[in-house]
Amino acid sequence: MGRRSGILEFAVLGLLHDAPMHGYELRKRLNVLLGSFRAFSYGTLYPCLKNLVAQGFLVEDNPEEEYVPATALNGKRSKIVYRLTPEGKQRFEELLSDSGPDAWEDEHFGVHFAFFSRTDKAVRMRVLEGRRSRLEERMERMRTALARTRERLDDYTLELQRHGLESVEREVRWLNELIETERANRTGRGSPDLPPDRPER
């Protein structure tokens with residue numbers, strides 16, 4: 001399974017863990033809650049859904065009523081509702097417990113973070129600390145590269161490099177706050193009291 005399809009599988013299972021929904025609603029939820037998935041089309045989502053059905057992680061319900069999707073120009077299609085199976089719930093729990101290096105990468109981290117309220121504290125801490133470590137390495141490389149090339153860059157390229165570095169520094173500060181909050185939070189699951197004025201990611 002490709003990296004991007006694995007992220008989509010995780011997100012779909014996580015959203016359907018809350019409630020069954022049809023593909024159009026699911027895509028809207030992906031777009032609203034997980035901004036990194038805005039580029040996913042129906043041509044990407046539906047094969048993923050069919051694959052999850054084939055693996056036994058989802059089942060399709062086909063209610064009596066019909067609807068016209070927003071993208072349809074004519075005709076009606078049956079509204080297929082996707083529902084998580086017990087095996088699908090187990091698969092979601094397995095993905096939720098993953099705290100390895102993949103969970104620290106940009107797209108993976110966003111999806112993991114979106115489901116942190118259902119994640120054990122120990123896993124949350126490993127993901128947050130791993131993400132911080134990864135970004136600190138990136139930040140050091142960026143600082144070194146900027147110091148080496150500063151004299152050769154025009155003003156606009158230099159500002160772009162500085163902007164990128166500041167974005168990484170801001171996320172590291174945000175992660176530091178989250179980690180401190182997690183350490184102070186004694187519960188294993190659920191939402192911690194997040195810092196009220198944490199920086200935007």
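**Strands, cores and rings: a chat**

User: Hi! Let's start with a strand residue: what is the bridge partner of H22 in β5?

Analyst: Hello! H22 has V81 in β5 as its bridge partner. Do keep in mind that this is a predicted model.

User: Thanks. How many bridges join β1 and β5, and in which sense do they pair?

Analyst: There are two bridges between β1 and β5, and the pairing is antiparallel.

User: And what about β2 and β5, how many bridges there?

Analyst: Four bridges, again with β2 and β5 running in the antiparallel sense.

User: Changing topic: how many residues are in the largest nonpolar core?

Analyst: That core has 24 residues, and V12, L13, L16, L26 and L58 have the most contacts inside it. Two or more residues come from each of these elements: α1 (3-18), α2 (23-33), α3 (42-54), β5 (81-84) and α4 (86-96).

User: Which element gives the most to it?

Analyst: That would be α1, which gives eight residues to this core.

User: Can we zoom in on L16? What is it in contact with, leaving aside neighbours within four places in sequence?

Analyst: With that limit, L16 is in contact with M21, L26, L58, Y82 and L84. There is also a second, separate core of 19 residues, and M125, L165, V168 and W174 are among its members.

User: You mentioned W174. Is W174 buried or exposed?

Analyst: W174 counts as buried, because its relative accessibility is 3%, and the cut-off for buried is under 20%.

User: Next, rings. How many aromatic pairs does a search of the whole structure find?

Analyst: The search finds seven aromatic pairs. In one of them, the ring centres of F109 and W174 are 6.4 Å apart and the planes are at 90 degrees, so this pair is edge-to-face.

User: What kind of pair do F113 and W174 form?

Analyst: A tilted one, with 5.2 Å from centre to centre and 55 degrees between the planes. Because F113 lies in helix α5 and W174 in helix α7, the pair ties together parts that are 61 residues apart in sequence.

User: Is F113 buried or partly exposed?

Analyst: F113 is partly exposed, at 23% relative accessible area. By contrast, F109 is buried.

User: Which residues do the ring pairs link into a cluster?

Analyst: The cluster is made up of F109, F113, F116 and W174.

User: Last one, on α5: which of its residues are buried?

Analyst: They are H108, F109, V111 and H112. Looking down the axis of α5, you find its buried residues within an arc of 165 degrees, so they line one face of the helix. In general, an α-helix has 3.6 residues a turn, so residues three or four places apart point the same way.

Terms used. Residues are numbered from 1 along each chain as its sequence is written. This is a predicted model: local features need pLDDT of at least 70, side-chain atom pairs count only at pLDDT 80 or more; totals for chains, interfaces and linings use all residues. Side-chain values use heavy atoms; hydrogens and water are left out. A nonpolar core is a set of buried Ala, Val, Leu, Ile, Met, Phe, Trp, Tyr and Cys residues joined through side-chain atoms within 4.5 Å. Buried means under 20% relative accessible area, exposed over 50%, partly exposed in between (1.4 Å probe, protein chains only). Contact means heavy atoms within 4.5 Å. Rings of Phe, Tyr and Trp (its six-membered ring) pair if their centres lie within 6.5 Å; planes under 30 degrees apart count as stacked, over 60 as edge-to-face and the rest as tilted. Two strands pair if DSSP finds at least two bridges between them. The arc is that of the directions from the helix axis to the C-beta atoms.
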